[in-house]
Amino acid sequence: MVSSAAYDAAVAAMVMGSSEAPRVSFQWGGTISALFLLIMNRFGRQSSKQMTLLAVYLFISCPDVLFNILRGQVGSWIAFLVVAANLFFPQTFPASRFILFVITPDWVTDGLRDSLPGGILSIIIGVSIIFTEIRGIGGFRNCQCNLFCFCYYLGIASLFVFTILYLSLETW
């Protein structure tokens, strides 16, 4: 009887681990990809629309550990400092993007994070980022491929890979 209970617990852990893997890879992989794209955007064209889309993507895919820290007391203090810095340096510190993490109601965060609508919204954000980038460079005819361009599109591709992995392997 004890061995049967241990076997059932091991099977349950394996099943839980297999359904947990796409979510964890989406959270960490998507977050690293989005942060990479934010850094590339900061040193590249500096598109405000892409930064906002990436902030929403980070909101959806941020790992639970970091998200709970940002939603707690530490996030409130960071938001306060960012708003204070935004009063003096509005071009350097865009406060509205970070405040999204702190003040969003719980029912919205529960509905978007770790859910099918959040995954679909992540795909829509990825497509929007591609369209804004194509418009920003002037279409396919004006595309000049260099190392920066290649790295940027590699980051966008990784956003899609982690999101599609999350949507295809998650058990809803």
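Setting aside neighbours within four places in sequence, Gln27 is in contact with Ser61, Cys62, Pro63, Asp64, Arg113 and Asp114. Contact here means heavy atoms within 4.5 Å. This is a predicted model, where local features need pLDDT of at least 70, side-chain atom pairs count only at pLDDT 80 or more, and totals for chains, interfaces and linings use all residues. Residues are numbered from 1 along each chain as its sequence is written, and side-chain values use heavy atoms, with hydrogens and water left out.

**Around Gln27**

Gln27 sits in helix H1 (residues 2-43). Helices are DSSP runs (H or I, at least four residues), numbered from the N terminus. With 4% relative accessibility, Gln27 counts as buried. Buried means under 20% relative accessible area, exposed over 50%, and partly exposed in between (1.4 Å probe, protein chains only). The Gln27 side chain also makes a polar contact with the side chain of Asp64, at 3.3 Å. A polar contact is a pair of N or O atoms within 3.5 Å; within protein, one must be able to donate a hydrogen and the other to accept it, and residues adjacent in sequence count only if both atoms are side-chain atoms.

**Aromatic rings**

The structure holds five aromatic pairs. Rings of Phe, Tyr and Trp (its six-membered ring) pair if their centres lie within 6.5 Å; planes under 30 degrees apart count as stacked, over 60 as edge-to-face and the rest as tilted. Two of the pairs are set out here.

| Pair | Centre to centre | Angle between planes | Type |
|---|---|---|---|
| Phe26 and Tyr166 | 4.5 Å | 15° | stacked |
| Tyr152 and Tyr153 | 6.3 Å | 80° | edge-to-face |

Phe26 lies in helix H1 and Tyr166 in helix H8 (residues 147-169), so their pair ties together parts 140 residues apart in sequence. Phe26 is buried, at 2% relative accessible area. Tyr166 is buried too, at 1%. Tyr152 is buried at 3%, whereas Tyr153 is partly exposed at 27%. Ring pairs also link Phe26, Tyr57 and Tyr166 into a cluster.

**The nonpolar core**

The largest nonpolar core has 27 residues. Such a core is a set of buried Ala, Val, Leu, Ile, Met, Phe, Trp, Tyr and Cys residues joined through side-chain atoms within 4.5 Å. Leu54, Phe101, Ile129 and Leu159 have the most contacts inside this core. The elements giving two or more residues to this core are H1, helix H2 (48-61), helix H3 (64-71), helix H5 (95-103), helix H7 (116-137) and H8. H2 gives the most, with seven residues. Beyond its neighbours within four places in sequence, Leu159 is in contact with Gly30, Ser33, Ala34, Leu37, Leu54, Tyr57 and Ile129.
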